Amino acid sequence: MRATTLPGLTGEPALEMLHAAPLRPAAPGTPQLLFVHGLGYAAWVWEDWMAAAGHDSWAVSLRGHGGSGGTTARSALSDYEADVVRAARSLPGPVVLIGHSMGALVVQRAAAAANAAAMILVAPLPPRPAVHTILAVLRRQPWEVPRYMAGRPLKLGPHILYAYPDDPATAEASKRLTPDSPLVQYQFLFHRPTRVPPLPVLVLAAAKDRLVPLVSVRSTARRYGARLRKIAGVGHTMMLDPEWSEGWKQIESWLADGPPTAAHPTGPPPTRRGRSDTKEKRNHG
């Protein structure tokens with residue numbers, strides 16, 4: 001595993017990227033994998049899956065996370081989306097975008113501009129307002145209600161994120177979580193569905209997910225006409241639970257079979273992203 005930096009551009013921060021080289025030379029046109037982390041994590045969350053993959057794999061730390069520049073203080077979903085698009089476009093050839101939770105929502109928003117060859121959505125936040133998820137957090141951690149209402153970053157406990165919160169590895173991972181953007185947390189409830197071009201999609205649900213309910217994951221899979229796989233024995237951050245390899249096996253099988261071409265409904269006509277994001281920042285910033 002090698003850490004690299006995608007240089008910053010005018011008004012855009014430098015981004016940390018982890019790279020796992022393929023075990024053997026890939027055939028021409030073989031897609032590279034680009035992993036996108038969820039709320040409070042960074043590229044490091046994908047290390048086990050990247051090591052197991054044997055593919056040419058990359059993971060990006062969104063701005064303000066890990067070793068990336070910038071800050072989460074005023075970041076919006078559109079900023080994270082821009083990071084993923086820039087990371088994807090920096091890689092030669094086709095790219096499969098793999099996102100977890102919030103990262104899966106960002107992947108859905110970025111897929112068209114990133115020219116993604118396919119999407120893999122892991123315990124994804126839905127393309128529509130994530131009411132179920134916010135209610136799950138506030139119900140399981142009622143002391144977070146004042147923080148959320150005051151526009152402060154949520155602190156997600158290990159009992160929400162993992163199937164086995166007392167496992168030493170997941171306990172250590174919880175210590176590495178960092179505060180994320182309060183504006184993005186509000187946008188989970190107020191963002192608009194995104195137009196995504198027809199492309200192959202795989203969706204993974206965690207059987208012990210206490211954050212994103214199965215009904216929500218099923219709705220996301222239906223929207224894209226995607227194959228849904230429910231992974232037993234894992235919680236929301238399935239890449240870090242003791243049974244982390246079970247989720248990767250499903251992805252590996254899907255990639256090995258050649259992702260099927262999937263046509264799916266793409267939602268309402270595209271809106272002017274800049275105007276919509278400005279309105280979101282004005283209303284919730």
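Is R109 buried or exposed? Select R109 and you will find a buried residue, at 6% relative accessibility; buried means under 20% relative accessible area, exposed over 50%, and partly exposed in between (1.4 Å probe, protein chains only).

Before moving on, a word about what is on screen. This is a predicted model, in which local features need pLDDT of at least 70 and side-chain atom pairs count only at pLDDT 80 or more, while totals for chains, interfaces and linings use all residues. Residues are numbered from 1 along each chain as its sequence is written, and side-chain values use heavy atoms, with hydrogens and water left out.

**Stop 1: the partner of R109**

E81 lies in helix α2 and R109 in helix α3 (residues 102-110), so the pair ties together parts that are 28 residues apart in sequence. Helices (H or I, at least four residues) and strands (E, at least two) are DSSP runs, numbered from the N terminus.

**Stop 2: other salt bridges**

The count of salt bridges comes to six. Select R63 and E12 for one of them, where the side chains meet at 2.4 Å, N to O. This pair links distant parts of the chain, 51 residues apart: R63 sits in the loop between β4 (57-60) and α2 (77-89), and E12 in the loop between β1 and β2. R63 counts as buried at 8% relative accessibility, while E12 counts as partly exposed at 27%.

Now jump to helix α7 (residues 168-175), which holds both E172 and K175, three residues apart, or about one turn of the helix. Their salt bridge has its closest N and O atoms 3.9 Å apart. E172 is partly exposed, with a relative accessible area of 45%, and K175 is exposed, at 66%. To see how salt bridges can share partners, select E12, R63, D79 and D83 together: they are joined into one network.

**Stop 3: the nonpolar core**

Which residues have the most contacts inside the largest nonpolar core? Select L34 and W49; the core around them has 86 residues. A nonpolar core is a set of buried Ala, Val, Leu, Ile, Met, Phe, Trp, Tyr and Cys residues joined through side-chain atoms within 4.5 Å. Show the surroundings of W49 next. Leaving aside neighbours within four places in sequence, W49 is in contact (heavy atoms within 4.5 Å) with F35, V122, L204, M238, M239, W244, G247, W248 and I251.

**Stop 4: the cavity**

The structure holds one cavity of 30 Å³ or more, and about 120 Å³ of space lies in the largest cavity. On a 1 Å grid over the protein atoms alone, a cavity is a set of points where a 1.4 Å probe fits but cannot get out, and its lining residues have an atom within 4 Å of a point. Points are joined across faces, edges and corners, and the volume is the space filled by probe spheres set on them.

To find the place, select L39, S101, L156, F188 and L211, which lie nearest the centre among the 16 lining residues. Helix α4 (residues 131-140) gives the largest share of this lining, three residues. The lining divides into 11 nonpolar, five polar and no charged residues. Here Ala, Val, Leu, Ile, Met, Phe, Trp, Tyr, Cys and Pro count as nonpolar, Asp, Glu, Lys and Arg as charged, and the others, Gly among them, as polar.

**Stop 5: two positive phi values**

Stay with S101, in the loop between β5 (95-100) and α3. S101 is buried, with a relative accessible area of 6%, and its phi is near 55°, a positive value in a residue other than glycine. Most residues other than glycine have a negative phi. For another positive value, select N115, whose phi is also near 55°. N115 is in the loop between α3 and β6 (118-122) and counts as exposed at 60% relative accessibility.

**Stop 6**

Select I160 in helix α6 (residues 158-161). I160 is buried, with a relative accessible area of 0%. Beyond four places in sequence, I160 is in contact with V137, R140, Q141, R210, L211 and H236.

Finish at P7, in the loop between β1 (2-6) and β2 (15-20). P7 counts as exposed at 56% relative accessibility, and touches A14 and R86, not counting residues up to four places away in sequence.

Terms used:
On a 1 Å grid over the protein atoms alone, a cavity is a set of points where a 1.4 Å probe fits but cannot get out, and a pocket is an open set with protein on both sides within 12 Å along at least five of seven lines; lining residues have an atom within 4 Å of a point. A salt bridge is a side-chain nitrogen of Lys or Arg within 4 Å of a carboxyl oxygen of Asp or Glu.
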